[in-house]
Amino acid sequence: MRAHEAGALHGQAGDRGPAWLRRPDDVDALVPQLWARNVSKVDGVVTVAGESVTDLAEEFGTPLYVLDEDDFRTRARAFRDAFEGCEVYYAGKSFLCVATARWVEEEGLSLDVCTGGELAVALRAGFPPERLALHGNNKSVAELRRALEAGVGRIIVDSLEEIDRLVALTAETGREAAVMVRVTAGVEAHTHEYISTSHEDQKFGFSIADGAAFEAVSRIVAAQRPGEGGLRFLGLHFVPPEMDLGGGFGIAYTTQDDPRSPAELADSLLGIVHAECRALDVAVPHLSIEPGRAIVGPTTFTLYEVGTVKSVGLDGGASRRYVAVDGGMSDNVRPALYSADYSCTLASRRSEAPAVLSRVVGKHCESGDIVVKDEYLPGDVAAGDLLAVPGTGAYCRSLASTYNHVPRAAVVAVRDGEEAIRADHFEGARDRAIMGQKRESLAMSEEEKELTAYHEAGHALCAALLPTADPLHKVTIIPR
Ligand SMILES: Cc1ncc(COP(=O)(O)O)c(C=O)c1O
């Protein structure tokens, strides 16, 4: 939402939708670049790999994240093939569960995790630890210890305290820690401040410009004890002998976005690295990248059911159509957090009604609870209709909350007409069952009591011991 010193309404005056948003010729048609490869409409109903969303909604409820497994694997392979000879780490923070970790492994990618919880999910999936990289700007001693015990391939250090912790832990355990140093390159990405990470004034990395990176490397080199454990310096997260270029490759959220393919990205990035190395007369480093959203983002759409529709009068006799759905900022906080734009379509039927500029909002107690700020929808959208919002695979489920005690949305993945991950492997569906349909099961099972005990122990790494690894959520809303 735009801020305005005289109040939000003034900031909105005259806003009839962004300049890039065009009234579609056919409001029912899917815009191909926004959707996973196996998504289409059959008689107006969105289907994914042969499963209709009406069936999925009936079986698993809404809101529901719907993942196209084949699309995920295809995008992962495209990065692996385009960046041949480089290490491709899937950024688990974008979306991670046991099943997706296995897909990543099967497609030959490595995996970047950034907390003990994500590490636990990866280990639970049986991911080869030597292909794991541990990120994080504030890794605890327990997280570092677990990483060393598990034998993760590399730890990307982000603070002097962390280097000291690793020196102590390697001395205590006799294990070696292969480390890279995360540096800020002083490059400013033209995106929302909260999602840009390489400029100087933010929490990640060591500055090259102010000498912090030099100090970090010096400390690490001083702590190297070849053949006796200790630290082993691999390189910089962004500089030779190994260079990790990170993630942040864009995807299409709306019709205005035109992302580059993995092959185009590889051409330009590898071209720049080779040219710069030639110019500096240094060897080309071993390269890594860490795509998250560009792999999982477009694979997924979120399915919602419409609950209410209202028209609100604006200045000059105009009105805005507010379409409220049964989720919102609890399943996708990105619009509220950094004004992310999305698009959507009527998913459960065909409509002949003219397109109306609409705002899709959630059910939470915030006026910033916006799902899709501006979209043309058929003018007859009404309670009971299903809406699908594409491009929600990355950082939606990962950032989900239970705000207002709304249960977390379930996740279901579809593969060739079958559900590859059944939603009941995830907490959302179980919570809904606990809260709604199966009230008789409110008493805690032995397993739930055990999970609660783990949670109260306050240790995310306990996830490794659990049947599905998400202890924080497992116990969040079980009534006592
Ligand atoms: C170091 C690092 N690698 C990878 C990523 C993943 O970014 P994206 O999902 O945009 O590709 C991030 C995003 O926060 C990051 O900070």
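Reply: Here it is, and below we go through it topic by topic.

Me: What should I know before reading anything into the model?

Reply: This is a predicted model, so to speak of local features a pLDDT of at least 70 is needed, side-chain atom pairs count only at pLDDT 80 or more, and totals for chains, interfaces and linings use all residues. Residues are numbered from 1 along each chain as its sequence is written.

Me: Great. How many helices and strands are in the protein chain?

Reply: The protein chain has 14 helices and 21 strands. Helices (H or I, at least four residues) and strands (E, at least two) are DSSP runs, numbered from the N terminus.

Me: And how much of the chain is buried?

Reply: Of the 480 residues in the protein chain, 44% are buried. A residue is buried if 20 or more other C-beta atoms lie within 10 Å of its own, exposed if 12 or fewer, and partly exposed in between, with C-beta atoms placed from the backbone.

Me: What share of the contacts links residues 24 or more positions apart?

Reply: They account for 65% of the contacts with a separation of 6 or more in the protein chain. Two residues are in contact if their C-beta atoms, placed from the backbone, lie within 7 Å.

Me: Changing topic: which residues are closest to the ligand?

Reply: The closest are Ala91, Gly247, Glu290, Gly292 and Arg293, and 15 residues surround the ligand. A residue counts as near a molecule if its C-beta atom, placed from the backbone, lies within 6 Å of it.

Me: What classes of residue make up that shell?

Reply: Five are nonpolar, seven polar and three charged. Ala, Val, Leu, Ile, Met, Phe, Trp, Tyr, Cys and Pro count as nonpolar, Asp, Glu, Lys and Arg as charged, and the others, Gly among them, as polar.

Me: Now helices. At what angle do H3 and H4 pack?

Reply: Helix H3 (residues 69–82) and helix H4 (residues 98–106) pack at about 40 degrees, and their axes are 10 Å apart. That angle makes H3 oblique to H4. Axes are lines fitted to C-alpha atoms, for helices over the stretch in contact, and angles run from 0 to 180 degrees between N-to-C directions. Angles under 35 degrees count as roughly parallel, over 145 as roughly antiparallel, 65 to 115 as roughly perpendicular and the rest as oblique.

Me: Which residues make the contact?

Reply: H3 brings Glu69, Phe72, Arg73 and Ala76, while H4 brings Thr100, Trp103 and Val104. By class, the residues of this contact of H3 with H4 are four nonpolar, one polar and two charged.

Me: How do H6 and H7 cross?

Reply: The axes of helix H6 (residues 141–150) and H7 come within 10 Å and cross at roughly 45 degrees. H6 and H7 are therefore oblique to each other. Val141, Leu144, Arg145 and Leu148 of H6 meet Arg165, Leu166, Leu169 and Thr173 of H7. The residues of the contact of H6 with H7 divide into five nonpolar, one polar and two charged.

Me: Let's zoom in on leucine 134. Where is it, and why is it called buried?

Reply: Leucine 134 sits in strand E7 (residues 132–134). It counts as buried because 28 other C-beta atoms lie within 10 Å. Beyond its neighbours within four places in sequence, leucine 134 is in contact with Val113, Leu119, Lys139, Ala147, Val152, Ile155 and Ile156. From leucine 134 to valine 152 is 18 residues in sequence and 7.3 Å in space, C-alpha to C-alpha.

Me: And proline 24, buried or partly exposed?

Reply: Proline 24 is partly exposed, because it has 15 C-beta neighbours inside 10 Å. It lies in the loop between helix H1 (8–12) and strand E1 (39–42). The C-alpha atoms of proline 24 and tyrosine 376 are separated by 7.4 Å, although these residues are 352 apart along the chain.

Me: Where is the cis peptide bond?

Reply: It joins threonine 62 and proline 63, with omega about -5 degrees. Proline 63 lies in the loop between helix H2 (53–60) and strand E4 (64–68).

Me: Last one: what is the phi of serine 339?

Reply: Serine 339 has a positive phi of about 55 degrees, although it is not a glycine. Its place is the loop between helix H11 (334–338) and strand E16 (345–346).
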